[in-house]
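Subject: Structure handover

Hi,

Here is the structure I promised to pass on to you. Please open it alongside this email, and then read on for my notes.

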Amino acid sequence: MQHTTKPPRLADIGKHQRFPEHDLLNSLIGKWMTEGETISNDGSPALKIQASDIYEWVPGGFFVVHTAYGRIGEQSVGGVELIGYDQRAGVFRTHFFDSQ
C-alpha cells in the first residue's frame with residue numbers, strides 16, 4: 001500500500017463577494033478616543049468613561065477588527081470585536097470578546 005502526501009487544502013480564493021454594505025464600515029476605520037459617563041437607573045452616581053478604540057480592516061476586506069482599552073470608573077475594561085456583514089440576513093453582525 002502506497003501513501004501519498006497531499007498538500008494542505010487551502011480556502012478557495014475568490015469565492016467570497018464584497019457588497020456595498022462592506023464599504024459602509026469604512027466610516028469606523030481609524031483611532032478614536034471615547035469620553036463620557038454612565039447614566040444611572042437607580043440613583044447611583046455616574047461613572048466616568050475613557051477609552052481608546054482602534055478599528056482596522058482584516059486582510060481581505062470582509063471584516064473589521066476593533067480593539068478597545070479603557071476605564072469605566074476605576075474598572076479597567078477592554079477587548080476585541082469582529083464586525084462583518086451578513087448578506088443573507090441583510091444585517092451587520094458583531095462579536096465581542098473580553099477577559100472580564
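Below I go through the sheet, its hairpins, the aromatic side chains and the pocket.

Before anything else, please keep in mind that this is a predicted model.

**The sheet**

The strands make up an open sheet of 5, ordered β1-β2-β3-β4-β5 and paired in the antiparallel sense. Its edges are β1, covering 30-37, and β5, covering 91-97, and each of these pairs on one side only. From one strand to the next, the twist averages 20°.

Going through the pairings, β1 runs antiparallel to β2 (residues 48-57), with 8 bridges between the two. If you want a residue pair to click on there, Glu35 has Gln50 in β2 as its bridge partner. Next, β2 is joined to β3 (residues 63-72) by 9 bridges, again antiparallel. Here Asp53 has Ala68 in β3 as its bridge partner. At the other end of the strand order, β4 (residues 75-86) and β5 are antiparallel and share 7 bridges. Gly84 is bridged to Arg93 in β5, and Asp86 stands opposite Val91 in β5.

**The hairpins**

In the hairpin of β4 and β5, with 4 residues between the strands, it is Gly90, with a phi near 70°.

**Aromatic side chains**

Aromatic pairs number 2 in this model. One aromatic cluster is formed by Phe19, Tyr85 and Phe92. In case you plan to look at these rings yourself, a pair of aromatic rings is described by the distance of the centres and the angle of the planes. There is also a charge over a ring: Arg18 lies over the face of Trp57, 5.2 Å from the ring centre.

The largest pocket holds about 370 Å³ of space. Its lining comprises 15 residues, and those nearest the centre are His22, Phe63, Tyr85, Asp86 and Gln87. The elements that give two or more residues to this lining are β4 and β5. Of the elements, β4 gives the most, with 5 residues. By residue type, the lining divides into 6 nonpolar, 6 polar and 3 charged.

Best wishes

Notes: Residues are numbered from 1 along each chain as its sequence is written. This is a predicted model: local features need pLDDT of at least 70, side-chain atom pairs count only at pLDDT 80 or more; totals for chains, interfaces and linings use all residues. Side-chain values use heavy atoms; hydrogens and water are left out. Two strands pair if DSSP finds at least two bridges between them. Axes are lines fitted to C-alpha atoms, for helices over the stretch in contact, and angles run from 0 to 180 degrees between N-to-C directions. Rings of Phe, Tyr and Trp (its six-membered ring) pair if their centres lie within 6.5 Å; planes under 30 degrees apart count as stacked, over 60 as edge-to-face and the rest as tilted. A charge sits over a ring if NZ of Lys or CZ of Arg is within 6 Å of the ring centre and within 35 degrees of the ring normal. On a 1 Å grid over the protein atoms alone, a cavity is a set of points where a 1.4 Å probe fits but cannot get out, and a pocket is an open set with protein on both sides within 12 Å along at least five of seven lines; lining residues have an atom within 4 Å of a point. Grid points are joined across faces, edges and corners, and a volume is the space filled by probe spheres set on the points. Ala, Val, Leu, Ile, Met, Phe, Trp, Tyr, Cys and Pro count as nonpolar, Asp, Glu, Lys and Arg as charged, and the others, Gly among them, as polar.
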